[in-house]
Amino acid sequence: MTEAGTCSSCAAVLKPGAAFCAACGRSTAPPPVKRTGSLYLAIWMYVALLGVQLFLMIVSKVTEDVFTAEVVGTVGFAVVTLAFYFPCRERFTVREPVAFPRYWYLLVVLAAVPIGLGVHAYVRGVSSLFGLHAPLGFEDELAHGWIWASVLIVVMPPLVEELAFRGVMFGALRHSLTVSETLIVTSFAFGLLHLSIPSLLTHIPLGFYFGWLRHRSGSLWPAVLAHACHNAFVLALVTV
Amino acid sequence: MEPAEKFCSACGASVAPDAPPASPPLFAAMPSEAAHRIGKARKWLFAIAVLTVVLGFIFYAIQKKAVEKQIDDVRAQVAGVDPSVVDDHFVKATGMTFEEAIEHDRGMVTLLLVVNLVLACVYFVLWLWAKRKPLPATVIALLLFVTTHVINAVLEPSTIYQGILIKILFTLALVRAIAAANEERTLGTSSR
């Protein structure tokens with residue numbers, strides 16, 4: 001509305017409490033705030049996170065010290081995410097919970113078993129199909145003991161990645177995209193930033209699942225829990 | 001309701017038979033510039049999908065030939081050596097026996113072809129999707145394209161300048177299409 005009580009489109013006097021102008025049919029509600037800049041912020045954040053991942057790749061390639069590169073990479077990932085989150089956290093905090101009963105937390109934990117088994121079977125299947133004999137991963141973290149492996153696989157990635165993808169990126173994209181579009185874009189971003197095209201087939205559905213949990217609950221914690229349980233289960237499968 | 005009123009003030013529905021539509025489609029026709037940019041990006045997406053398939057097969061042929069030559073060279077080098085000694089050497093260096101290493105290298109070449117075909121499929125699906133939902137499709141295409149080429153550049157620095165013009169043009173087309181699709185959506189022409 002241009003002024004109190006008149007229609008912003010035809011300037012007709014509005015009835016008290018009217019949701020629409022009786023003369024032209026226009027809604028009296030103020031237009032929704034669309035923050036178009038958030039889309040570009042999400043893209044720039046992805047580029048910055050990609051930079052961190054590439055730095056990690058180069059460091060581990062040059063020094064051949066994967067463990068140090070992992071630690072530096074995790075810290076760098078967290079710093080970039082927080083650098084984007086804190087200055088405009090109100091813009092990125094989108095809460096539109098649907099329904100998330102408490103007992104679903106238990107389902108999230110239980111779901112980690114079939115999901116983890118599926119991911120592990122896929123990785124083994126690809127390796128056996130193409131005759132690959134490379135190790136399945138986590139050797140560098142496990143070489144430094146269980147505590148370090150747990151911190152670098154089970155604790156830090158779920159916290160940092162969920163804040164980045166389901167927190168900042170989801171909230172930023174939600175201003176420009178629908179829920180399903182936001183889920184698809186954030187799951188692609190999540191899959192792509194693991195820098196492995198074959199693993200896109202597992203990471204995109206995983207990202208979609210974590211994003212769905214975040215959307216249903218309006219909170220990051222169910223997604224963090226699901227991510228941590230999944231990583232813990234896969235770590236256990238690899239080591240057993 | 002009063003007789004002069006043409007619309008319901010509660011739901012916005014028209015009550016007069018000659019009333020104009022409640023929400024005139026001010027931006028119903030997508031600005032031609034935005035449509036042009038999105039159309040151009042879609043053409044690029046299709047071209048990149050085809051190019052990824054073609055280049056995938058070319059690189060497969062090149063890599064296969066190089067790997068087979070490398071295998072023949074190594075086989076010639078270890079021809080007179082005891083196989084267990086060769087295996088010990090390979091296990092220490094790579095964690096695989098000699099035959100496993102050969103199988104692994106051949107598998108990686110095939111996997112490279114499959115990866116390129118999967119990428120082509122993704123670009124093709126994005127090309128189709130961009131017709132209905134240009135904004136998310138072009139955003140994903142940009143992230144995918146930038147990520148794959150930056151990974152390639154780190155793994156093989158010599159690939160940075162390969163097809164640099166196509167890389168720049170495609171990236172620019174996607175960036176312009178994202179801006180156009182975002183602008184178009186902000187104006188309210190797309191359903192949310």
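Here's a quick tour of two residues and then the interface between the chains.

## First things first

Keep in mind that this is a predicted model.

## A leucine in chain A

Let's start with L49(A), which sits in helix 1 of chain A, residues 37-63. With a relative accessibility of 0%, L49(A) counts as buried, because buried means under 20%.

What does L49(A) touch, leaving aside residues up to four places away in sequence? Its contacts are F77(A), V80(A), T81(A), A164(A) and L193(A). Take L193(A): 144 residues separate L49(A) and L193(A) in sequence, yet their C-alpha atoms are 7.7 Å apart in space.

## An asparagine in chain B

Over in chain B, N116(B) is part of helix 3, which covers residues 98-132. N116(B) also counts as buried, at 14% relative accessibility. Setting aside residues up to four places away in sequence, N116(B) touches T52(B) and G56(B).

## Where the chains meet

Now for the interface. Chain B brings 48 residues into contact with 41 residues of chain A. About 4000 Å² of area is buried between the two chains, and carbon and sulfur atoms give 71% of that.

There are two salt bridges across the interface of chain B and chain A. E181(A) forms a salt bridge with K133(B), with the closest N and O atoms 3.2 Å apart. On chain B's side, helix 3, helix 4 (134-155) and helix 5 (164-186) each supply at least two residues. Helix 4 of chain B gives the most, with 14 residues. By type, the residues on that side split into 31 nonpolar, ten polar and seven charged.

How values were computed
Residues are numbered from 1 along each chain as its sequence is written. Chains are lettered from A and ligands numbered from 1 in the order in which they are written. This is a predicted model: local features need pLDDT of at least 70, side-chain atom pairs count only at pLDDT 80 or more; totals for chains, interfaces and linings use all residues. Side-chain values use heavy atoms; hydrogens and water are left out. Helices (H or I, at least four residues) and strands (E, at least two) are DSSP runs, numbered from the N terminus. Buried means under 20% relative accessible area, exposed over 50%, partly exposed in between (1.4 Å probe, protein chains only). Contact means heavy atoms within 4.5 Å. Buried area is the accessible area (1.4 Å probe) that two parts lose on being put together, summed over both. A salt bridge is a side-chain nitrogen of Lys or Arg within 4 Å of a carboxyl oxygen of Asp or Glu. Ala, Val, Leu, Ile, Met, Phe, Trp, Tyr, Cys and Pro count as nonpolar, Asp, Glu, Lys and Arg as charged, and the others, Gly among them, as polar.
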